Amino acid sequence: MTTTQDLARRIRLQCLRMCHQKRASHLGGAFSVADALAVLYGGVLAKNPAAPNDPQRDRLFYSKGHACTALYAALGEAGYYPLSALDSFTDNGSVFTSHVNHKVPGVELSTGSLGHALPVAAGVALAGKRKGAAWHTYAIVSDGELDEGSNWEAILFAPHHKLDNLTLVVDYNKIQSFGTTAEVLNLDPLPAKFEAFGWETLEIDGHDHAALAAALDKGGRSGRPRVVIAHTIKGKGVSFMENQLAWHYKSPDAAQYEAARAELEGHAA
Ligand SMILES: [Mg+2]
């Protein structure tokens with residue numbers, strides 16, 4: 001049986017391959033969120049890869065549009081399309097653009113302009129609530145994009161409407177495009193801010209699959225939206241990429257690709 005840990009490893013390997021082959025970026029943020037995506041697509045989400053727009057599906061709004069490789073890989077691994085489709089990543093005419101594209105099966109919203117997915121997710125969750133729908137809405141945001149005011153409008157809106165059918169994951173890797181979040185625009189104390197806005201607030205190790213599965217579970221909701229502040233490591237899984245701002249941008253060359261692949265496959269020198 002495939003474990004979500006194994007799925008996360010395969011997602012990271014796909015991200016690495018895509019970024020190496022197409023000289024693409026944003027591996028650090030793809031690796032930090034890979035475990036959350038593996039737990040979601042490996043079991044938590046109600047999904048129907050054969051019919052991506054199935055009305056009964058859970059809705060996942062992925063705001064880390066720049067870290068598209070992780071979502072594209074997760075959807076491919078989940079069976080929305082053959083993994084070979086990812087070979088066209090960034091090619092002219094391909095739906096697999098270098099930021100998340102809603103024309104990819106399973107993708108709810110094109111993202112890349114930061115701060116948009118959570119407001120849309122909150123509106124969709126409100127619609128689901130008014131319909132009495134059983135499906136759940138998830139949003140995943142980066143920490144850096146919490147600098148966007150649009151997110152704080154949605155963070156105010158969701159508790160007002162008692163959206164306990166909404167779960168937000170913050171990929172809190174503490175690094176954004178130009179430095180640490182502490183240096184660029186400090187978010188702390190982030191849990192206290194969500195609490196003050198009326199959210200059920202959980203803090204977990206975002207690489208702990210048991211903790212992720214428990215936090216992302218849809219049951220036992222309390223009339224409040226839930227935020228899962230997932231403490232993560234940018235570049236998680238490849239030692240020379242971890243906590244390195246440079247891997248927000250760098251594309252692995254041949255030697256770096258081979259070293260990273262060996263480490264992810266568990267046979268590093
Ligand atoms: Mg970050």
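This is a predicted model: local features need pLDDT of at least 70, side-chain atom pairs count only at pLDDT 80 or more; totals for chains, interfaces and linings use all residues.
**View 1. Strands S2 and S3, side by side.** Strand S2 (residues 137-142) and strand S3 (residues 166-172) are parallel partners, joined over 6 bridges. Strands count as paired when DSSP finds at least two bridges between them. Helices (H or I, at least four residues) and strands (E, at least two) are DSSP runs, numbered from the N terminus. Residues are numbered from 1 along each chain as its sequence is written.

**View 2. The open sheet of 5 strands.** Reading across the sheet, you meet the strands in the order S1-S2-S3-S7-S6, and their pairing is parallel. Strand S1 (59-62) and strand S6 (200-205) form the edges, each pairing on one side only. From one strand to the next, the twist averages 20°. Helix H4 (residues 117-131) packs on this sheet and touches S1, S2 and S3. The direction of H4 makes about 170° with that of S2. Angles here run from 0 to 180 degrees between N-to-C directions, with axes fitted to C-alpha atoms, for helices over the stretch in contact. A contact needs C-beta atoms, placed from the backbone, within 7 Å.

**View 3. The S6 end of the sheet, with helix H7.** S6 and S7 run parallel and are joined by 6 bridges. One place to look is Glu 203, which has Ile 229 in S7 as its bridge partner. Helix H7 (residues 190-197) lies across S6 and strand S7 (226-231). Relative to S6, helix H7 runs at about 155°.

**View 4. Helices H4 and H5 packed together.** H4, already seen on the sheet touching S1, S2 and S3, also packs with helix H5 (residues 149-160) at an angle of about 25°. The axes of H4 and H5 are 8 Å apart. H4 and H5 are therefore roughly parallel to each other; the term covers angles under 35 degrees, with over 145 roughly antiparallel, 65 to 115 roughly perpendicular and the rest oblique. From H4 come Leu 118, Pro 119 and Ala 122, which meet Ser 150, Asn 151, Glu 153, Ala 154, Phe 157 and Ala 158 in H5. Sorted by class, this contact of H4 with H5 has 6 nonpolar, 2 polar and 1 charged residues. Nonpolar means Ala, Val, Leu, Ile, Met, Phe, Trp, Tyr, Cys and Pro, charged means Asp, Glu, Lys and Arg, and the others, Gly among them, are polar.

View 5. Helix H2 (residues 27-44) packs with helix H8 (residues 209-216) at an angle of about 60°, and their axes are 10 Å apart. H2 and H8 are therefore oblique to each other. Look for Asp 35, Ala 36, Val 39, Leu 40 and Val 44 on the H2 side, and for His 209, Leu 212, Ala 213 and Leu 216 on the H8 side. The contact of H2 with H8 has 7 nonpolar, 1 polar and 1 charged residues.

**View 6. Helices H1 and H3 crossing.** The axes of H1 and helix H3 (residues 68-77) cross at roughly 125° and come within 9 Å. H1 and H3 are therefore oblique to each other. H1 brings Leu 7, Arg 10, Ile 11, Gln 14, Cys 15, Met 18 and Cys 19 to the meeting, and H3 brings Thr 69, Ala 70, Ala 73, Ala 74, Gly 76 and Glu 77. In the contact of H1 with H3 there are 8 nonpolar, 3 polar and 2 charged residues.

View 7. Most residues other than glycine have a negative phi, and most peptide bonds are trans. His 26 is not a glycine, yet has a positive phi of about 75°. You will find His 26 in the loop between helix H1 (4-21) and H2. Elsewhere, Asp 188 and Pro 189 are joined by a cis peptide bond, with omega about 0°. Pro 189 sits in the loop between helix H6 (181-184) and H7.

Key. Two residues are in contact if their C-beta atoms, placed from the backbone, lie within 7 Å.
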